[in-house]
Amino acid sequence: MANLEDLPIRNDLRGIKPYGAPQLDVPVSLNVNENTFGIPEPVALSIVEHLSQAVLGLNRYPDREFLGLRAELSHYLGHDLNQNNIWAANGSNEILQQLFMAFGGPGRSALSFGPTYSMYPNIASLTLTDYQEADRNSDYTLTEDLVVSAIAEHKPDIVIICAPNNPTGTAASAQLIAAAYEATDGILVVDEAYAEFSAELSASTLLQGRERLVVSRTMSKAFAFAGARVGYLAADPAVVDALRIVRLPYHLSALTQAAAMAALQHSDLMLANVEQIKIQRDRIIETTRSWGLSPFPSDANFVLVGGFDDPEDVFQKLLAAGVLIRNVGIPGTLRITAGTEAETTKLLAELSLLVG
Ligand SMILES: *Cc1c(COP(=O)(O)O)cnc(C)c1O
């Protein structure tokens, strides 16, 4: 067997490690912000029914335009959107990659506000797009001044605002998004992977008359569908036309389309645990604060907790106790996904032993 170094791989990929959080088999897995509740049985049965229909047609390529799924997604989002405003892909990471392929690329640049989602620089480098990160305020909030002046300084072709922000949980108001839009000539992508957990208005409410605004969403988090790989966006139909140029033909399998449509028809059941997850999130915030740690406010399904002297040591000891969380590398902090009540109880019990 050869080594990677022996291959004529792209020079800019030499020495790079594949991206991804560790996938470990532990009793309590709170490291990648999944919805830890299982798929409700009636929904599972309905998905299987849709899949069994789809299986009979697998000799044919799938509907390349997946209009049925796009219609379901537009109904789910509301805000007078229709299927022409919607596009979908295998996770919102693929949506972001398609956006970078269409609007970034060599000689172009993207700007985001860090600390933020670590896939942005990754996708930028794979698409040969220059990537800059302006610093958030010290409490990780954004202000209009900060965003507008960073855009004026960098003049990016793509601006990405993650709202609520991963890994800090920080919300951004629709007013701030509107100000960012006015400040840029480029594409403004609002990554709303955690929107269903947020108290803020979705940027989808701003789409009318803003053809350079893209709202990226996913079924992986609140919707409890991470394993199915379905991300989507809402935007002007012209943005969808651009993505049709860069997507691979038939990128969304017939099985994915069938499963997602079935799940969306039961969105009330799929989202039934969002309120419970928010309660557990707030419980993590209140409890860790009462111990003298420094949790940051969160509009998502996770909490970034600061105040650890040695986060890696705490991470390892929790793991040894069967609880997997995430050390995202921000000094003094750990990121914890809010799970079920039982998982949160176990997490807090183990954590209390480590922080006194
Ligand atoms: C989880 C996450 C995504 C993407 O998830 P997919 O499973 O690819 O849809 C996108 N953006 C942020 C900020 C995330 O945390």
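His79 is partly exposed, with a relative accessible area of 40%. This is a predicted model, and in it His79 takes a positive phi of about 50° despite not being a glycine. You'll find His79 in the loop that links α2 (67-77) to β2 (86-89).

Asn33 does something along those lines too: its phi is positive, about 60°, and Asn33 isn't a glycine either. Its loop runs between β1 (28-29) and α1 (41-56). So is Asn33 buried or exposed? With a relative accessibility of 1%, Asn33 counts as buried, because the cut-off for that label is under 20%. As background, most residues other than glycine have a negative phi.

## Two cis peptide bonds

Now for the omegas. Most peptide bonds are trans. Gly114 and Pro115, however, are joined by a cis one, with omega about 0°. Pro115 sits in the loop between β3 (109-114) and α4 (119-126).

Ala163 and Pro164 are also linked by a cis peptide bond, and there omega is about -5°. Where does Pro164 lie? Look in the loop between β5 (158-162) and α6 (174-183).

## How α11 and α12 cross

Next up is a helix pair. Helix α11 covers residues 311-320 and helix α12 covers residues 341-355; their axes come within 10 Å and cross at roughly 130°. That angle makes α11 oblique to α12, because only angles over 145 degrees would count as roughly antiparallel and 65 to 115 as roughly perpendicular. As for handedness, α11 goes past α12 in a right-handed crossing.

Trp291 belongs to the loop between α10 (274-290) and β9 (294-295). Its relative accessibility is 25%, so Trp291 counts as partly exposed.

How many residues apart in sequence are Trp291 and Ser352? The answer is 61, yet their C-alpha atoms are 8.1 Å apart in space.

Leu255 comes from helix α8, which spans residues 254-264. With a relative accessible area of 33%, Leu255 is partly exposed.

Technical notes. Residues numbered from 1 in each chain as written. Predicted model: local features only at pLDDT ≥ 70, side-chain atom pairs only at ≥ 80, totals over all residues. Heavy atoms only, no water. Helix = DSSP H or I, 4+ residues; strand = E, 2+ residues; numbered from the N terminus. Buried < 20%, exposed > 50% of the residue type's maximum accessible area, 1.4 Å probe, protein only. Axes fitted to C-alpha atoms, helices over the stretch in contact; angles between N-to-C directions. Parallel < 35°, antiparallel > 145°, perpendicular 65-115°, else oblique. Left-handed = near helix turned anticlockwise from the far one by under 90°.
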